[in-house]
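Visitor: Please take me through one part of this model in detail. I want cut-offs with every term.

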Amino acid sequence: MASTQARLGQQALALLDVALRVPCIFTIDVIFNSYYDQGSGWIFIIIAYIVCGMLFVSGVLISTVVLLLSQKALFKFYTLFLAVLLGLAAVLINYYATSHIDFYSAYCKAALGFRLLPRNGTTLWLGMAAVQLMFGIGYVFLLNLHSVFAALVVLDIMIPLWGMMIELPADVRHMTAVISGLALALNTAVCLAMRLKWFYYSCRYVYLLVRHMYRIYGLQLLLEDTWKRIRFPDVLRMFWLSRVTAQALILVYVVRAGSSDGYLFSWDVFWDLTSNLIISGCDSTLTVLGMSAVISSMAHYLGLSILAFIGSTEEEDKRLGFVAPVLFFILALQTGLSSLDPEERLVRLSRNMCLLLTAILHFIHGMTDPVLMSLSASHVSSFRRHFPVLLVSVALFVLPVALSFTLWHHYALNTWLFAVTAFCVELCLKVVVSLTVYGLFMVDGFSNVLWEKLDDYVYYVRSTGNIIEFLFGVIMFGNGAYTMMFEKGSKIRACMMCLHAYFNIYLQAKNGWKTFINRRTAVKKINSLPEVRGDQLREIEDVCAICYQEFASSARLTPCHHHFHALCLRKWLYIQDTCPMCHQRVYIEDDGRDRAAFSNNNGGYAAPQDAVAAGPPVQGENPHGQPVAELVPNGAVAGAHAAGGPAGLDDLVEDNDSIEYDEDEWGTQNGSTPIEEEYINDDTDSTED
């Protein structure tokens, strides 16, 4: 119970902290979007520029400093600010009461037309006295004044009302209100001046802390820490939502005031209200950032929902809440969204949303594809595990088709529609490739015989998809170049085209060519090894040390007399060219020397011819005593290339061509002198081949 209350208290403080930082964003947004009439005369223009520049810089600087304050300093700042507001309100009430209110006049009407209590009599005086008393007590409490000064401040606030009660002359009442206001202003200035020391040391502490973090951790970590400390995404999100809510209330009030029949929520009226809110919701850079924060929250929960639905637990797949807002903000900057006219802004925002939707669908496919491959490669037979992933995959195929059909039905062909269509076709192609590979693995799972051509078929399917995807990347680069030259070019668009050319064209072509060379080299190595069939195969009486399956039709014999499936050994050779059992080189060059075997699969031993003697490894273990199944899991080997090519196992297997020596042989290699035993530890029991 106590922990729950503490957690609720922390959440309330966090919410209050975010709410108190939002006015700073509002102030900065108003300053950046304000304009003034230059008037006539160059002197007036110069003075206006100087004054506006000073106000601009001071306003932005103060708002930025308040935005970056710590939570404790922020609360203290708003305490002082609220105290100043209460004092100002008390002074204004006294001045208005002594200047405009007559206790012996008629009734008073409010803005909405309601008749209030009569001004004459003691009722109005008592009400004003109660309000001023509350303001005075709040002012004293927030400034933490001592008892004597607190009583004097409350007395100073109440004196003008007493002058009205005893019916002092008008001039005297005005003078009393002015003197009371000046005394309260002087007291406020003294209280704030006494806290200048605290303000100086707070600013100095923040400066020293920032300098220390910059020197130790660098600028990137400093910015990340500040971003998280002030909860900047939450501040932007609350800023945008509160701004749109206020505008919605104003628009609804205006529509209701201007409607004669009282019928408000028709479809046309609702569409106009929504369009105006969307247009005003991205009319500046800060509002675009706020909309990006809202999109981030929506994308984050969408990603979590899909991950929970398909049963994935990968942490890297939870980045949708980061990718979607970044892409939206880049598209907004690239198209100059906030600087467009209102009608054109709505059209451009709709187009950007279509591009963003296709990007989100691509990311969702990246989340579902590993789960689909894992289920098929591990031969999970539960329908409940397969159905959610297959349903999402089908939806990823249907949604782009529906989006493309709708857009082509309503719009003519242009560069934007061409880009959206290309992304949709590319996504459909990816889904077809994933489902095809999934089907191949499922067929292999239901088969009792080793399908040696499975890896080739998976490679052919994925290679075809990668080639078509590469062609789409080249086409999209040409589409962007056409847009740059003939429609609208910008520096951000040029940078994005360079990034697209590097990541989606150059690196993809480089990785594809590397995969092709690795496969061709592995096939060449496999073909150089002798093949065992028939009676010799039945005499082995062992299993493949990689997949732990029996040899059904054939096996490949390495120079070190170890037997493996050709398919298993080929996948191993994608990673390194050494034997999984003894780490001897499998592929022998023409000018190389023949190497003798260490052992066969059954643990038999043969002395080496051109190397020092080595202890035979135990069956199923590598030279370090680890089982081969632990070094490369069966599922990883079986689905290595299908899950993304040989690069997927780079982190699982390291190129280690070491062999073991007996203790007595350490000092006799290469004619060297014996090495002392105390200088040998467990970490140096192997040397590279």
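Visitor: By relative accessibility, does Glu531 count as buried, partly exposed or exposed?

Guide: Glu531 counts as partly exposed, at 37% relative accessibility. Buried means under 20% relative accessible area, exposed means over 50%, and partly exposed lies in between, with a 1.4 Å probe and protein chains only. First, the ground rules. This is a predicted model: local features need pLDDT of at least 70, side-chain atom pairs count only at pLDDT 80 or more, and totals for chains, interfaces and linings use all residues. Residues are numbered from 1 along each chain as its sequence is written, and side-chain values use heavy atoms, leaving out hydrogens and water.

Stay with Glu531. Its side chain meets that of Arg533 in a salt bridge, at 2.8 Å from N to O. The term needs a side-chain nitrogen of Lys or Arg within 4 Å of a carboxyl oxygen of Asp or Glu. Arg533 is also partly exposed, at 49% relative accessibility. Across the sheet, Glu531 stands opposite Arg556 in E2.

Now the sheet itself. Three strands, in the order E1-E2-E3, form an open sheet with antiparallel pairing. Strand E1 (531-532) and strand E3 (563-564) are at the edges, each with a single partner strand, so one side of each has no neighbour in the sheet. E1 pairs with strand E2 (residues 555-557) over two bridges, in the antiparallel sense. Two strands pair if DSSP finds at least two bridges between them. Strands (E, at least two residues) and helices (H or I, at least four) are DSSP runs, numbered from the N terminus.

An annotation belongs here. UniProt, in an unreviewed entry, places the feature "domain: RING-type" at residues 544-583. Such positions are given in the numbering used here, feature names are shortened, and annotations may be inferred rather than shown by experiment. The end C-alpha atoms of residues 544-583 are 16 Å apart, and the span is 20% helix and 12% strand.

Next, the other salt bridges. The structure holds nine. One of them joins the side chains of Arg231 and Asp17, at 3.4 Å from N to O. Arg231 is in the loop between helix H8 (219-229) and helix H9 (232-258), while Asp17 is in helix H1 (residues 2-32), so this pair ties together parts 214 residues apart in sequence. Arg231 counts as partly exposed at 28% relative accessibility. Asp17 counts as buried at 1%. A network of salt bridges links Asp17, Arg21 and Arg231.

A further pair sits within one helix. Arg237 forms a salt bridge with Asp234, with the closest N and O atoms 2.6 Å apart. Both lie in helix H9, three residues apart, about one turn of the helix. Arg237 is buried, with a relative accessible area of 18%. Asp234 is partly exposed, with 33%.

Last, the setting. The secondary structure of the protein comes to 21 helices and five strands. Of its 689 residues, 38% count as buried. Among contacts with a separation of 6 or more, 68% are between residues 24 or more positions apart. Contact means heavy atoms within 4.5 Å. The protein exposes about 41100 Å², and carbon and sulfur atoms supply 65% of that area. Accessible areas come from the Shrake-Rupley method with a 1.4 Å probe; for residues, only the protein chains shown count as cover.
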